[in-house]
Amino acid sequence: MSTTSHIPPQAPPDQGAVRVDHDDLTAFAAGVFAHRGLAPDRAAEAARALCHGDLAGPRSHGLANLTRLYLPLLDEGRADPAAEPRTVTDLGAAVLLDARRALGLWVASEAMDRAVERAGRHGVGLVSVRGATHLGCAGYHALRAVEHGMVGLVASNCGRQRIARPPGGAVTMLGTNPLSVAAPAGQHPPFLLDMSTTAAPTGRIRQAAREGHTLPEGLLCDDLGAPVTDPDAFDAGRAHLMWLGGREGRYKGFGLGLMVEVLAALVPGAGLGPHPDALTGDGGPSGRDDDIGFLVAAVAPDALREGAGEDAEELFGALLACPPTDRAEPVRYPGWHEYHRAGERRRGGVPLEAPLYAELAELAERTGLRVPPVQGAPR
């Protein structure tokens with residue numbers, strides 16, 4: 001297996017960035033969620049899901065969202081810390097679950113655990129969820145299936161929040177609608193595809209704005225389709241998200257976004273982005289990310305046939321052995337870099353930009369918690 005020396009260079013952290021132990025970060029986030037009313041086990045799971053973004057990437061879905069997304073959900077009553085999800089329909093291999101406004105960070109993991117249990121009995125388990133809230137990195141929840149030797153799939157719509165326009169459309173109708181698939185790879189790092197169906201998630205755009213970076217062309221465009229590289233233009237209403245595939249291939253990304261809407265929202269009866277309400281908008285983002293829907297599935301290949309594990313190791317091993325066109329850029333697959341990055345940060349600490357660490361310190365003071373210490377500083 002190749003070493004972490006082949007991990008592509010990451011954007012250097014801002015001057016003054018610090019490193020913090022991963023376990024300390026998750027314990028702190030769990031304390032914050034418990035302070036807002038989540039039961040300890042649920043708070044701990046929500047914290048692990050949230051900190052996955054800082055551990056493995058993308059950072060835009062990590063602790064930066066604690067005060068910007070998740071605490072407002074709880075403080076405004078849009079997420080219920082004491083929600084008890086209700087099973088609406090149970091057909092054995094397929095379950096419909098009403099999350100009842102539970103925090104998506106933990107209820108998506110709960111749904112995957114149920115899917116894994118059903119897949120152990122039936123070869124496949126599907127949990128369709130409605131009434132949920134934002135789940136963080138979809139890939140974190142998909143990887144839970146890999147821990148059991150299974151393939152995991154997670155798809156989520158954005159509830160009634162509309163961010164992206166249909167090709168040729170003048171108003172927003174869909175969210176970023178993320179999709180993730182994770183699979184075991186034998187002795188190799190797990191395969192992990194974790195993507196939005198738009199060219200970039202909104203978190204990446206806003207992270208660039210906070211850090212003062214310009215964007216590459218192909219992520220945002222103006223009303224006439226011209227590229228926009230200023231991330232501030234998105235929230236200012238001067239630009240909107242493009243679909244995967246760019247201008248020429250935008251129907252592929254748009255089609256994938258609609259696929260997620262069907263599987264994750266239409267099937268369980270969650271809030272729909274494309275809805276007559278959207279037609280009254282002014283063309284910009286509209287609606288709120290309430291009543292989010294998930295499709296969570298686990299597939300147990302070993303329950304269906306023998307030899308799947310060996311074939312997976314051979315498949316991903318062959319990809320890693322593919323001769324590169326540039327020796328400095330060896331062939332890798334989705335999930336390889338994240339696996340090694342997570343291992344490196346578990347050993348050496350998670351880098352946090354100075355403004356984010358200061359934000360956590362302020363939050364700690366407000367909630368009466370102890371801010372996670374900087375590595376190398378006196379405890």
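**Note on the predicted model**

1. His52 counts as buried, because its relative accessibility is 10% and the cut-off for burial is under 20%. This residue is placed in helix 2, which spans residues 40–56. Once neighbours within four places in sequence are set aside, the contacts of His52 are Gly57, Cys137, Tyr140 and Leu143. The model is a predicted one, and the points below should be read accordingly.

2. Helix 2 also holds Asp54. Asp54 is buried but takes part in no salt bridge. The nearest side chain of opposite charge belongs to Arg59, at 6.7 Å, whereas a salt bridge requires the nitrogen and oxygen to lie within 4 Å. Beyond its neighbours within four places in sequence, Asp54 is in contact with Arg59, Gly62, Leu63, Arg345, Val350 and Leu352.

3. A second bridge is formed by Asp291 and Arg160, whose closest N and O atoms are 3.5 Å apart. Asp291 is found in the loop between helix 8 and strand 11, and Arg160 in the loop between strand 5 (151–156) and strand 6 (179–183), so the pair ties together parts 131 residues apart in sequence. Arg160 counts as partly exposed, its relative accessibility being 39%.

4. A further bridge lies within one helix. The side chains of Arg366 and Glu362 meet at 3.4 Å, N to O. Both residues belong to helix 12 (residues 354–367), where they are 4 residues apart, about one turn of the helix. Arg366 counts as exposed at 52% relative accessibility, and Glu362 as partly exposed at 48%.

5. The overall fold may now be described. The protein contains 12 helices and 12 strands. Does its radius of gyration agree or disagree with that of a compact globule? For 379 residues such a globule would have a value near 21 Å, and the protein has 21 Å, which agrees. Along the principal axes, the C-alpha atoms fill a box of roughly 55 × 55 × 50 Å.

6. Burial and contacts complete the description of the interior. Of the 379 residues, 49% are buried. Among contacts between residues at least 6 apart in sequence, 69% join residues at least 24 apart.

7. The surface and the charges close the note. The protein exposes about 17,200 Å², of which carbon and sulfur atoms supply 54%. There are 36 positive and 46 negative charges, and their mean positions are 2 Å apart.

Conventions: Residues are numbered from 1 along each chain as its sequence is written. This is a predicted model: local features need pLDDT of at least 70, side-chain atom pairs count only at pLDDT 80 or more; totals for chains, interfaces and linings use all residues. Side-chain values use heavy atoms; hydrogens and water are left out. Helices (H or I, at least four residues) and strands (E, at least two) are DSSP runs, numbered from the N terminus. The radius of gyration is taken over C-alpha atoms; the globule rule is 2.2 Å times the number of residues to the power 0.38. Buried means under 20% relative accessible area, exposed over 50%, partly exposed in between (1.4 Å probe, protein chains only). Contact means heavy atoms within 4.5 Å. Accessible areas come from the Shrake-Rupley method with a 1.4 Å probe; for residues, only the protein chains shown count as cover. Lys and Arg count as positive and Asp and Glu as negative; His and the chain ends are not counted. The place of a charge is taken as NZ of Lys, CZ of Arg, CG of Asp or CD of Glu.
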